[in-house]
Amino acid sequence: MEKLVYSIQEVAEALGISQSYAYQLVRSGVIPSLELGKKRVIPKNKFEQWVNGQES
């Protein structure tokens with residue numbers, strides 16, 4: 001089964017940025033995310049749209 005969400009660590013690695021900077025971008029709303037319980041995740045489709053400059 002294909003992943004539907006990424007962790008902040010996975011997003012940081014994919015973008016080549018530090019994990020702390022990725023957390024900062026998520027907290028500020030620059031990178032779209034969802035809160036699942038106590039965990040913050042990034043939906044794959046929203047992340048791909050954001051990377052491609054197509055966020056809605």
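Residues are numbered from 1 along each chain as its sequence is written, and side-chain values use heavy atoms, without hydrogens and water. Because the model is predicted, local features need pLDDT of at least 70 and side-chain atom pairs count only at pLDDT 80 or more, while totals for chains, interfaces and linings use all residues.

The protein chain contains three helices and three strands, arranged from the N terminus as β-α-α-β-β-α (DSSP runs, with H or I of at least four residues for helices and E of at least two for strands, numbered from the N terminus). The radius of gyration of the protein chain is 11 Å, close to the 10 Å of the globule rule for 56 residues, so the chain is as compact as a globular protein of that length (C-alpha atoms; 2.2 Å times the number of residues to the power 0.38). Along the principal axes, the C-alpha trace spans about 25 × 25 × 20 Å.

Of the 56 residues, 25% count as buried (under 20% relative accessible area, 1.4 Å probe, protein chains only).

Two aromatic pairs are present (ring centres of Phe, Tyr and Trp, the last by its six-membered ring, within 6.5 Å; planes under 30 degrees apart are stacked, over 60 edge-to-face and the rest tilted). The ring centres of tyrosine 6 and phenylalanine 47 lie 5.8 Å apart with planes at 80°, so this pair is edge-to-face. The pair links distant parts of the chain, with tyrosine 6 in strand β1 (residues 5-6) and phenylalanine 47 in helix α3 (residues 44-51), 41 residues apart. Phenylalanine 47 is buried, at a relative accessible area of 8%. Tyr6, Phe47 and Trp50 form one aromatic cluster.

Definitions and conventions
Buried < 20%, exposed > 50% of the residue type's maximum accessible area, 1.4 Å probe, protein only.
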